[in-house]
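Biologist: I have not seen this structure before. Could you take me through it step by step?

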Amino acid sequence: MQPIKILITEDDPDWIKAMTAFLNKEADMLVVGAATSREEAVRLAGTLEFDVALMDICLTPGQVDGIYAAMELLEVRPAKVIMLTSLEEESVITRAFTAGAVQYVVKTDYRSLPQTIRTVMRSSNPMEVLLKEFARLKREEQLKELTGAERELFGLLEAGYTQREIGGKLYKAESTLKNQVNKMLKKLRVKSSKEAVAKVRRGGLVPEAEKPENGGRERDG
């Protein structure tokens, strides 16, 4: 039987060393890699095979960049993300689940990690059922201001159609379609169709560097 492969992302090397030794004592687990930053975690997600990612929420002092690291990691590799942190604020926990985490463990409860990892790896994990519904509600929250026509437009953009292809599919003039796209982007507070799709898929979470200053206009088709 193959062991559960684990990636640890944590800014404290001593914690990484301790967790690696602790988890590798389990016969059915193997830590295959570790990262100390958001960028390194995403890079490793593209090269390493792993089943579970243990993600520290605060990779930089005073920031919750581990939440965005989890979000970006999941866009590269499907895995079970468990947030491992000392923070217990409800708003932080909610944002972690919005980013795609399937469980949240406080560091002082680290001894529960082996069982938590086994639980999230089960195909019938009740938590994931609840989180799918949570994700659906977050999606609806993002799209609630859109009209029926704008929702149809967004659905086609999300499916990968270009504006030219959408115009032909919906029999709309280029000027009409462009006007609808700009209205949709303004409501979603983004600058481009690509950002609109990413924001909705991420449940409204947008890293600081990507946030538009004043609403948004389409940059290119």
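This is a predicted model: local features need pLDDT of at least 70, side-chain atom pairs count only at pLDDT 80 or more; totals for chains, interfaces and linings use all residues.

Biologist: Which side chain does Glu150 meet in a salt bridge?

Modeller: Its partner is Lys187, and the N to O distance is 2.8 Å. Lys187 is partly exposed, its relative accessible area being 27%.

Biologist: How many salt bridges are found in the whole structure?

Modeller: The search finds eight. One of them joins the side chains of Glu26 and Arg118, at 2.7 Å from N to O. Glu26 sits in the loop between α1 (13–24) and β2 (29–35), while Arg118 is in helix α5 (residues 113–121), so parts that are 92 residues apart in sequence are tied together by this pair.

Biologist: And what is the relative accessibility of Glu26?

Modeller: The value for Glu26 is 22%, which counts as partly exposed. Arg118 is partly exposed as well, with a relative accessible area of 24%.

Biologist: Which residue forms a salt bridge with Arg38?

Modeller: That residue is Glu72, and the closest N and O atoms are 2.5 Å apart. Arg38 is in helix α2 (residues 38–45) and Glu72 in helix α3 (residues 65–76), so the pair links distant parts of the chain, 34 residues apart. Both Arg38 and Glu72 are buried.

Biologist: Which residues are linked in a network of salt bridges?

Modeller: The network links Glu10, Asp56 and Lys107.

Biologist: Let us turn to the overall picture. How many helices and strands are there?

Modeller: The chain has 10 helices and five strands. Of its 221 residues, 44% are buried. Among contacts with a separation of 6 or more, 64% are between residues 24 or more positions apart. The accessible surface is about 12200 Å², and carbon and sulfur atoms account for 51% of that area.

Biologist: Back to α7, then. At what angle do α7 and α10 pack?

Modeller: The angle between α7 and helix α10 (residues 193–201) is about 95°, and their axes are 10 Å apart. The two helices are therefore roughly perpendicular to each other.

Biologist: Which residues make that contact between α7 and α10?

Modeller: From α7 they are Phe154, Leu157 and Glu158, and from α10 they are Ser193, Ala196, Val197, Val200 and Arg201. Sorted by class, this contact of α7 with α10 has five nonpolar residues, one polar residue and two charged residues.

Biologist: Which residues are buried in α4?

Modeller: In helix α4 (residues 90–98), the buried residues are Val92, Ala96, Phe97 and Thr98. After α4 comes Gly100, which has a positive phi, near 120°.

Biologist: Which residue other than glycine has a positive phi near 55°?

Modeller: That is Tyr171. Tyr171 is located in the loop between α8 (163–170) and α9, and its relative accessibility of 75% counts as exposed. Arg189, also a residue other than glycine, has a positive phi near 60°. Arg189 lies in the loop between α9 and α10.

Note on methods: Residues are numbered from 1 along each chain as its sequence is written. Side-chain values use heavy atoms; hydrogens and water are left out. Helices (H or I, at least four residues) and strands (E, at least two) are DSSP runs, numbered from the N terminus. Buried means under 20% relative accessible area, exposed over 50%, partly exposed in between (1.4 Å probe, protein chains only). Contact means heavy atoms within 4.5 Å. Accessible areas come from the Shrake-Rupley method with a 1.4 Å probe; for residues, only the protein chains shown count as cover. A salt bridge is a side-chain nitrogen of Lys or Arg within 4 Å of a carboxyl oxygen of Asp or Glu. Axes are lines fitted to C-alpha atoms, for helices over the stretch in contact, and angles run from 0 to 180 degrees between N-to-C directions. Angles under 35 degrees count as roughly parallel, over 145 as roughly antiparallel, 65 to 115 as roughly perpendicular and the rest as oblique. Ala, Val, Leu, Ile, Met, Phe, Trp, Tyr, Cys and Pro count as nonpolar, Asp, Glu, Lys and Arg as charged, and the others, Gly among them, as polar.
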